[in-house]
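This briefing is intended to be read beside the sequence and the three-dimensional view. Please keep both at hand while working through the points.

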Amino acid sequence: MEVGGKFPKPTFKILSDNLAVQGIHAQFGGVFPMMAKKEHVQNLPILLEQALKKTKLDKKKKPVDMIAVTYGPGLEPCLWTGITFAEDLGKKWGVPVIPTNHMEGHILSVYAKNKGKFSIPKIEFPVVSLLVSGGHTELILSKEILKYKMLGHTRDDAAGEAFDKVARMMDIPYPGGPKISKLAQEERDRHINGGKFQGIKVTLPRPMMYSKDLDFSFAGLKTAVLYTIKKINPLTDEHKSAIALEFENAVVETLIHKTKKAVELHKAKTVIVSGGVAANQHLRTEIKKAFGKKAKVFFPTRELARDNALMIGVAGFMQYLKKKGKLPKNKKIKACGNLKL
Ligand code: KG4
Ligand code: ZN
């Protein structure tokens with residue numbers, strides 16, 4: 001992308017946006033680090049070629065002025081693959097490589113578009129961000145731009161991980177989140193139209209709803225689904241839909257309850273919801289309902305909710321501007337699997 005403007009309101013113009021989806025994990029029901037790394041090694045040169053072709057930039061002549069790369073959090077073998085690839089290009093083209101935090105990318109993704117031009121708007125602080133992905137469920141407070149304080153996090157599974165695991169229990173392939181959500185929505189629509197639960201009425205717990213902190217826990221909810229399934233034989237499509245609906249309701253209610261608490265406690269004026277699970281339609285609808293005019297709510301577009309390179313470009317350039325272009329010279333970037341914001 002083409003970047004311009006000044007901190008804290010830079011401008012961006014998308015020149016090319018490419019994504020490689022790792023379909024390989026579906027057959028194994030989850031992400032295996034070494035397999036994910038192998039896919040990265042194969043995909044990165046292909047994605048680079050696609051971007052250069054689309055933008056008509058010449059790879060022999062320093063096609064870009066800087067490169068942003070994710071150094072954490074995430075699976076370290078995958079992070080190292082990206083870092084090595086970016087640093088090799090940086091050396092070849094003589095351009096700086098900006099180490100970028102994946103979660104900061106998710107937060108800033110709410111201001112981005114995957115086509116055309118956009119800029120970071122004037123943000124009203126304090127901001128509470130709910131980050132919900134396959135690896136994270138966190139509430140983050142920002143009192144100013146690019147400053148973060150963790151308010152709460154999951155004590156076990158992440159929300160997206162719980163969606164994927166519940167899907168797997170019902171033989172729904174990885175990533176199960178979108179499919180569970182589709183089943184839940186169809187069942188919800190049937191109920192709105194006066195339909196009844198077909199065969200069973202599923203009731204699941206709302207974990208940590210009444211704990212005083214801002215933490216989450218989804219492992220118990222997942223186990224409750226497992227016990228429910230064990231009692232049903234055979235597990236029909238109707239059962240699966242009823243479970244999906246109650247499970248999605250339980251996750252969304254808990255996420256909203258704790259987000260509301262964080263917003264009230266810190267008198268937040270803005271709420272950001274991002275990460276893969278922010279693509280969930282029920283969560284989007286209910287969050288908007290929960291905050292109404294009380295706070296400004298931002299989501300990424302559905303395309304930018306899941307992992308993408310564009311959000312890393314935005315976060316990397318913001319950091320570059322904040323540091324006024326001063327980046328440590330010749331400092332090797334290190335992968336940091338559990339990097340915090
Ligand atoms: O942010 P992301 O692309 O990757 C990580 O950094 O983890 O998030 C992926 C997660 C997966 O667990 C996936 O099942 C979940 O986001 N997800 C959803 C939906 N779309 C993706 N979960 C619930 N409802 C959805 N519509
Ligand atoms: Zn992510």
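The structure is a predicted model. In it, a zinc ion (ligand 2) is held by H102, H106 and D307, while ligand 1 is surrounded by 19 residues.

**The zinc ion**

- The zinc ion (ligand 2) is coordinated by NE2 of H102, NE2 of H106 and OD of D307, at 2.1 to 2.2 Å.
- Along the chain, these donors follow the spacing H-x3-H-x200-D.
- H102 belongs to helix 3 (residues 102-108), whereas D307 lies in the loop between helix 9 (302-305) and helix 10 (309-322), so the pair ties together parts that are 205 residues apart in sequence.
- H102 counts as buried because its relative accessibility is 14%, which is under the 20% limit.
- D307 has a relative accessible area of 46% and is therefore partly exposed.

**The surroundings of ligand 1**

- Among the 19 residues around ligand 1, the closest are G134, D164, G276, N280 and D307.
- By class, this shell consists of five nonpolar, 11 polar and three charged residues.
- An oxygen atom of ligand 1 lies 2.8 Å from a backbone N or O atom of G134.
- The side chain of D164 has an N or O atom 2.6 Å from an oxygen atom of ligand 1.
- A polar backbone atom of G177 is 3.2 Å from an oxygen atom of ligand 1.
- On its own, ligand 1 has 550 Å² of accessible area, of which the protein covers 85%.
- Helix 3, helix 4 (159-169) and helix 5 (177-192) are the elements that each give two or more residues to the shell around ligand 1.

**Helix 4**

- The buried residues of helix 4 are A159, G160, A162, F163, D164, V166 and A167.
- These buried residues pack against strand 6 (127-132), strand 7 (137-142), helix 5, helix 6 (219-230) and helix 7 (237-266).
- After helix 4 comes D171, which has a positive phi near 60°.

- S211 is located in the loop between helix 5 and helix 6.
- With a relative accessible area of 19%, S211 is buried.
- The side chain of S211 makes a polar contact of 2.9 Å with the side chain of D213.
- A further polar contact, of 2.7 Å, joins the side chains of S211 and K258.
- Leaving aside residues up to four places away in sequence, S211 touches K258 and K261.

Note on methods. Residues are numbered from 1 along each chain as its sequence is written. Chains are lettered from A and ligands numbered from 1 in the order in which they are written. This is a predicted model: local features need pLDDT of at least 70, side-chain atom pairs count only at pLDDT 80 or more; totals for chains, interfaces and linings use all residues. Side-chain values use heavy atoms; hydrogens and water are left out. Donors are N, O and S atoms within 2.8 Å of the metal (3.2 Å for Na, K and Ca); water is not among the atoms, so sites may look incomplete. Helices (H or I, at least four residues) and strands (E, at least two) are DSSP runs, numbered from the N terminus. Buried means under 20% relative accessible area, exposed over 50%, partly exposed in between (1.4 Å probe, protein chains only). A residue is near a molecule or strand if one of its heavy atoms lies within 4 Å of it. A polar contact is a pair of N or O atoms within 3.5 Å; within protein, one must be able to donate a hydrogen and the other to accept it, and residues adjacent in sequence count only if both atoms are side-chain atoms. Accessible areas come from the Shrake-Rupley method with a 1.4 Å probe; for residues, only the protein chains shown count as cover. Ala, Val, Leu, Ile, Met, Phe, Trp, Tyr, Cys and Pro count as nonpolar, Asp, Glu, Lys and Arg as charged, and the others, Gly among them, as polar. Contact means heavy atoms within 4.5 Å.
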